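Welcome! Let's walk through this model together, one question at a time.

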Amino acid sequence: MGIKTGKGIVESPAEAACAELEAVSKMYTGHMVLQEVSMSIWPGNITALIGRNGSGKSTLLSILAGLVQVTSGAIRRKADLVIGYAPEAFPGLKFTPEQYLRSMGRIRGLSAREIEVRMAELLELFHLAPFRGQPMNNFSKGMLQKINLIQSLLVEPELLLLDEPMSGLDLSAQNMLVQLLRERKEQGTAVVFSVHEPQWVEALADHLHILQAGRTVRMQQGIQELSARPTTYIVFKHLQEEELCQWRDQPGFLSLQVVTELHDQPCLGLTVDAAVSDAYLRQVLERGGSVVSVEPCDGWSGLELWMNPKTPEGGGKS
Ligand SMILES: Nc1ncnc2c1ncn2[C@@H]1O[C@H](COP(=O)(O)OP(=O)(O)OP(=O)(O)O)[C@@H](O)[C@H]1O
């Protein structure tokens, strides 16, 4: 059991997970922007967070970062978890990169020497070394995004939270970031990133978490399976995850998770090979389950339905 350290936050080893959210909800001025979202984050795993504009991705990341309090639900974190966080918006500042990064390094508890070494390394890597002494208020969006990413990496994070990290970067910087994140993953860093483009999900993610209007509509572990063949995603209610454990050994099974959706009814989301979806649907019904939705996913193209940034959910940001 963990120790309560603040509203909804429990410091706890949470088994081997770095962090876990349990039925987390967030309300802003009477409007529920996240509803009962649960998520486990494991060392050396990369989770892609997708959903249309306004679906709650940034809110979820800032809750994981510990910057926004939850309205209800619980967050469990490994004790002393080192978190790096690159938020979505990074304003042009009158500071130079080195002034800004030195102060960020100090805030994160690094020594002056550690800051200098790490800053030089990262500025070099992101091709910003020649600009280290120039005021950032003249920087392009891509340069500001790189500084934002550098500040998140100063501390060698165990959990890296990146809000649309590819946004503003040119192709070579995007590829460099993919490489860097793969190396981090190999070293055991957990990464959660929000993204709108399927190619970055495919290039990086082990897990997928899809939000729609603040609710989890789909979680998928081992998403390599997704690209390999057509699958069917079946959401149903009135059955418990525990009573379906044996499905994991059945042919065509890919994943099963609790998703909370629709009229506050707890639902399960099942992903199976499209070729055997009828057999699974039959089993759901025979066991007394009630099917909520059936969605065919033709590999990656199915994901684009959830990613279209031109289709906001609800109002825009206030
Ligand atoms: N500080 C805030 N005060 C009030 N409402 C907010 C605040 N932050 C976010 N919201 C609202 O919460 C909802 C979810 O916003 P959020 O930024 O988390 O979504 P998102 O999926 O990250 O969107 P985008 O892809 O556009 O960044 C939106 O309706 C937004 O207007």
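**A guided tour**

Visitor: Is N53 buried, exposed or partly exposed?
Guide: Glad to start here, and please keep in mind that this is a predicted model. N53 is found in the loop between β5 and α1 (57-64). A residue needs 20 or more C-beta neighbours within 10 Å to be buried, and 12 or fewer to be exposed. N53 has 16 such neighbours inside 10 Å, so N53 counts as partly exposed.

Visitor: How many Å apart in space are N53 and A203?
Guide: In sequence, 150 residues separate N53 and A203. In space, going from C-alpha to C-alpha, the separation of N53 and A203 is 22 Å.

Visitor: Which strands are at the edges of the six-stranded sheet?
Guide: The sheet is open, with mixed pairing, and its order is β7-β8-β9-β5-β10-β11. On average, neighbouring strands of this sheet are turned by 15° against each other, direction ignored. An edge strand pairs on one side only, and that picks out β7 (83-86) and β11.

Visitor: Why does the largest nonpolar core lie between domain 1 and domain 2?
Guide: This core has 66 residues, and those with the most contacts inside it are A48, I150, L159, L161, V191, V192 and V201. The core lies between the domains because residues come to it from both domain 1 (1-90 + 148-220) and domain 2 (229-299). As background, nonpolar side chains in soluble globular proteins tend to be buried together. For V192, leaving aside neighbours within four places in sequence, the contacts are I41, T47, L49, L61, L64 and L161.

Visitor: Which strand gives the largest share of the side of domain 1 that touches domain 2?
Guide: The centres of the two domains, taken over C-alpha atoms, are separated by 26 Å. Seven residues of domain 1 are in contact with eight residues of domain 2. The domain 1 side divides into two nonpolar, two polar and three charged residues. Six residues of that side, its largest share, come from residues 215-221, strand β11.

Notes
Residues are numbered from 1 along each chain as its sequence is written. This is a predicted model: local features need pLDDT of at least 70, side-chain atom pairs count only at pLDDT 80 or more; totals for chains, interfaces and linings use all residues. A nonpolar core is a set of buried Ala, Val, Leu, Ile, Met, Phe, Trp, Tyr and Cys residues joined through C-beta atoms within 7 Å. Domain bounds come from an automatic or database domain assignment. Two residues are in contact if their C-beta atoms, placed from the backbone, lie within 7 Å. Helices (H or I, at least four residues) and strands (E, at least two) are DSSP runs, numbered from the N terminus. Ala, Val, Leu, Ile, Met, Phe, Trp, Tyr, Cys and Pro count as nonpolar, Asp, Glu, Lys and Arg as charged, and the others, Gly among them, as polar. Two strands pair if DSSP finds at least two bridges between them. Axes are lines fitted to C-alpha atoms, for helices over the stretch in contact, and angles run from 0 to 180 degrees between N-to-C directions.
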